[in-house]
Every structure is written in C-alpha cells, then in structure tokens.
Amino acid sequence: MEVEYYRRAAVNTVGRTVATVHAPDDWFIKGGADAAALSLALEGQTVVAARRTGKLLMMDFGDSDDSARAVLGLRFGMTGRLVVDDHAVIEKLEYSSARVLPEWRRFELGFHDQGTLVIVDPRRLGGVELNPDDTRLGPDAFNLATEQLAAALEGSRTALKVRLLDQHRVAGLGNLLVDEILWRTGLDPAREAGSLDVSEVERLAESIRFTVTELAERGGSHTGDLHHARVRGGSCPRDGGFLDRQTIGGRTTYSCPQHQK
C-alpha cells in the first residue's frame with residue numbers, strides 16, 4: 001500500500017518535462033535496458049500520467065504532440081522510498097532507514113523546473129524498467145472482487161498466505177498486510193488456499209478491501225492492529241493467547257492458533 005502513497009506523490013510531476021536521467025546503478029535497471037536507454041527514452045519527454053497496479057508504479061511519458069509514448073515502471077521492494085522535490089513521501093519503512101545517503105540514490109529524474117523524482121533504496125531491492133509488462137499482475141487488492149479472489153484460490157493446495165503473496169494472483173499484498181488480513185479474518189495462513197468455502201472467500205475478500213484501505217489511511221502496512229505483537233512471545237491483541245511464529249513461503253509469519261482456523 002506504500003506504493004499508493006508514491007503514486008499520489010508522483011501525480012505532482014504530471015505536466016513536467018524530464019531534463020536529465022541519472023541511473024548510476026546498473027543492477028537497479030531491469031528488463032535488459034541500461035542508463036543510456038533510459039536517457040534516450042525519457043529526456044525531453046513530459047509526464048502525462050502516474051498510475052499503479054499492485055506494487056508497480058507506472059509513469060507514462062509523451063512529447064508535446066503526445067507521440068512516442070514510453071512507460072517507466074518503478075518497484076520499491078521492502079527498502080525503497082520515493083522522494084519528490086526533496087520530500088520523502090514516507091519518512092521511514094519498517095525494514096529500512098530514515099536516512100537518505102547519496103549512495104542510496106539509485107535513480108533520479110531531473111525536471112526542467114529544477115524539481116526531482118528520486119528512488120532511495122539502501123538494499124537495492126527495487127528497480128526501474130522501461131515498458132514493464134503489467135498484464136502478468138493479478139487484480140489489485142484495493143478493488144479486489146470476491147469472484148476474482150475465488151478464481152485466485154480455486155483448486156490451490158498452496159498455503160493460503162503464499163497464494164495471497166503471489167503478485168500474479170492478487171497484486172499489492174505484502175507480508176505484514178497478509179498476516180494482518182488473515183488475523184482479522186480468522187484464517188490460518190498455513191491452510192490450503194483452495195480449501196476455503198464460499199462464505200470464507202467472501203469474508204476474506206471483504207477483509208482485504210477494508211484492511212488495505214484502512215491501513216493506507218493510517219499510514220502504511222506497519223500500522224496494523226497485529227503489528228506491535230509481531231515479536232517472539234507476542235500475544236494476540238484479540239484474545240490474549242500466545243501467537244505462533246513460523247516460516248511460510250520463506251516469510252516470517254505470525255498468527256493466533258486460538259481463532260485462526
């Protein structure tokens with residue numbers, strides 16, 4: 001959901017023309033392009049839109065007569081932050097630092113009006129890509145329909161948490177969010193995804209929509225009701241029982257064995 005904050009900030013660059021592209025980290029450039037290709041595609045182009053699907057922020061570019069359009073995809077991973085005109089949209093991420101060191105500036109657009117758009121990423125877990133293929137992403141969690149969730153889960157023997165983290169099935173859910181959603185819904189994260197009945201799928205879809213909206217307004221996925229209890233020996237904020245801590249799909253997972261079935 002942090003990417004929705006970044007999208008809202010990126011909207012402030014619409015109508016501005018790129019003067020310079022600074023991409024000093026080849027590792028950060030995905031999709032086979034390089035710094036020269038980014039400069040060729042974007043310099044002199046005007047930002048015409050900023051949009052998002054899941055965790056992928058996309059900026060659309062065109063020239064004055066709206067020809068030669070290009071799309072820049074920006075991904076942030078767990079440690080990337082967007083800084084627009086020297087303003088950090090989010091001051092600190094759960095797994096990152098609040099500092100903005102020069103060497104962490106992985107990508108930068110400089111505009112003719114002297115403004116900038118910068119990705120700061122200490123651990124280089126994000127990346128930028130020209131013309132990314134967003135058709136492989138699942139439906140966005142903010143607007144997830146019950147029917148779309150049912151299709152994503154149907155017949156799957158994968159753990160429910162793993163299925164929800166699969167961006168090809170549902171776009172936009174991260175580790176903290178999924179734990180919060182399943183805790184609120186009372187579903188075991190290790191349960192087979194395809195085992196949910198119709199009423200459980202309906203409750204889960206509603207919980208996804210409500211939780212991502214609520215936590216977005218609060219300030220991010222780290223503001224969930226479960227979050228402060230995500231420590232060894234933590235207790236469930238709902239019923240007081242000890243939380244289970246396990247690894248599911250390679251991700252640290254907290255759940256309450258008393259009410260998550």
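The model is predicted: local features need pLDDT of at least 70 and side-chain atom pairs pLDDT 80 or more, while totals for chains, interfaces and linings use all residues. Residues are numbered from 1 along each chain as its sequence is written, and side-chain values use heavy atoms, without hydrogens and water.

I placed Gln-167 in the loop between helix H4 (160-165) and H5; helices are DSSP runs of H or I with at least four residues, strands runs of E with at least two, numbered from the N terminus. Leaving aside neighbours within four places in sequence, Gln-167 is in contact (heavy atoms within 4.5 Å) with Lys-55, Leu-137, Gly-138, Gly-172 and Leu-173.

Next I traced the sheet. It is open and mixed, with 5 strands in the order S2-S10-S5-S4-S3; strands pair if DSSP finds at least two bridges between them. The edge strands are S2 (29-30) and S3 (46-53). S2 pairs with S10 (residues 127-130) in the parallel sense over 2 bridges, and Ile-29 stands opposite Val-128 in S10.

Last, I checked H5 (residues 175-185) against H6 (residues 198-218): they pack at about 125°, axes 9 Å apart. Axes are lines fitted to C-alpha atoms, for helices over the stretch in contact, and angles run from 0 to 180 degrees between N-to-C directions.
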